[in-house]
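Please look through the sequence and the structure below, turning the model slowly before reading on.

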Amino acid sequence: MGNREDLMAGAKQCLFEKGYARSTARDIATASGVSLAAIGYHFGSKEALLNAALIEATEEWGTVLATVVARASEASEDPAERFVAVWDGVLATIAEHRGLWASQFEVMLQAERVPELREALAGIQKHGRLGLSALFQGLPEVPDTEEELSRGIFYQALLVGLAGQWLATPDLAPRGQDFLRGLELVGGSVLKPKAARKGAPADGPPWHGPTD
């Protein structure tokens with residue numbers, strides 16, 4: 001590897017072991033085996049290097065996630081069983097990449113005070129949502145439409161919520177079956193007419209949970 005690649009590898013190591021705020025330029029240089037001056041030469045600043053490393057690490061995790069989701073989706077012909085298997089697989093990847101997720105949550109908190117970090121996150125937000133929409137539908141990509149963005153927002157909320165709960169209390173983090181049951185309960189109440197929720201018969205067929 002060249003100096004740039006060494007710096008990226010060292011920055012990822014520091015992110016996962018020390019976190020975003022506690023990683024110094026000297027830490028990164030030491031982990032990379034590259035001089036301090038190389039950080040400025042290749043990236044301009046320590047922050048720019050850490051931002052690039054976090055984005056690249058997230059993309060690498062996305063590749064792992066895609067494999068896990070694809071395998072879980074093939075586990076059963078039943079949509080509900082596939083849904084459970086997929087989210088159990090997602091949880092496993094979060095546990096295996098704890099350092100990445102801890103850094104991401106730290107960065108979210110830092111973004112409020114660091115404009116360049118906030119801009120970097122905003123720049124990848126839309127791309128990430130479309131990517132999640134495609135991933136959970138088993139598609140290589142999806143068009144940039146309001147429908148696909150909404151789908152991606154939903155999956156993003158589930159994903160970030162799952163990661164946050166696992167980081168806080170791993171033993172109490174929800175599993176795929178918990179997500180399925182919650183979706184059935186919430187979807188059933190939200191999608192039914194108000195009168196039906198009070199006991200009156202609903203118009204149309206009942207809601208039976210996820211189908212894709």
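The model shown here is predicted. The protein has 10 helices and zero strands, and read from the N terminus its elements run α-α-α-α-α-α-α-α-α-α. Along its principal axes, the C-alpha trace spans about 70 × 35 × 35 Å. Of the 212 residues in the protein, 36% count as buried.

Once its neighbours within four places in sequence are left aside, tryptophan 87 is in contact with Phe136, Tyr155, Leu158, Leu159, Leu162, Gly176 and Phe179. Several of these names return when we consider the rings.

A pair of aromatic rings is described by the distance of the centres and the angle of the planes. The count for this protein comes to seven aromatic pairs. One of them joins tryptophan 87 and phenylalanine 179 in an edge-to-face arrangement, with 5.3 Å centre to centre and 75° between the planes. This pair links distant parts of the chain, since tryptophan 87 belongs to helix 5 and phenylalanine 179 to helix 9, 92 residues apart. Both tryptophan 87 and phenylalanine 179 are buried.

How are the rings of tryptophan 101 and phenylalanine 105 placed? Their centres are 6.3 Å apart and their planes meet at 45°, so the pair is tilted. Tryptophan 101 and phenylalanine 105 both lie in helix 6, four residues apart, which is about one turn of the helix. Tryptophan 101 counts as buried because its relative accessibility is 3%, and the cut-off for buried is under 20%. Phenylalanine 105, at 24% relative accessibility, therefore counts as partly exposed. Elsewhere, ring pairs link Phe83, Trp87, Phe136, Phe154, Tyr155 and Phe179 into a cluster.

Rolling a probe the size of a water molecule over the atoms shows where empty space is left. In this model, the largest pocket holds about 920 Å³ of space. It is lined by 31 residues, of which Thr58, Trp61, Ile124, Gly128 and Leu132 are the closest to its centre. The elements that give two or more residues to this lining are helix 4, helix 6, helix 7 and helix 8, and the largest share, 12 residues, comes from helix 7. Sorted by class, the lining of the largest pocket has 20 nonpolar, 10 polar and one charged residues.

Not counting residues up to four places away in sequence, glutamate 148 touches Arg129, Leu130, Ser133, Gln137, Val142 and Pro143.

Methods. Residues numbered from 1 in each chain as written. Predicted model: local features only at pLDDT ≥ 70, side-chain atom pairs only at ≥ 80, totals over all residues. Heavy atoms only, no water. Contact = heavy atoms within 4.5 Å. Phe/Tyr/Trp six-rings, centres within 6.5 Å; stacked < 30°, edge-to-face > 60°. Buried < 20%, exposed > 50% of the residue type's maximum accessible area, 1.4 Å probe, protein only. 1 Å grid on protein atoms, 1.4 Å probe; cavity = no way out; pocket = protein on both sides within 12 Å on 5 of 7 lines; lining within 4 Å. Points joined across faces, edges and corners; volume = space filled by probe spheres on them. Nonpolar A, V, L, I, M, F, W, Y, C, P; charged D, E, K, R; others polar.
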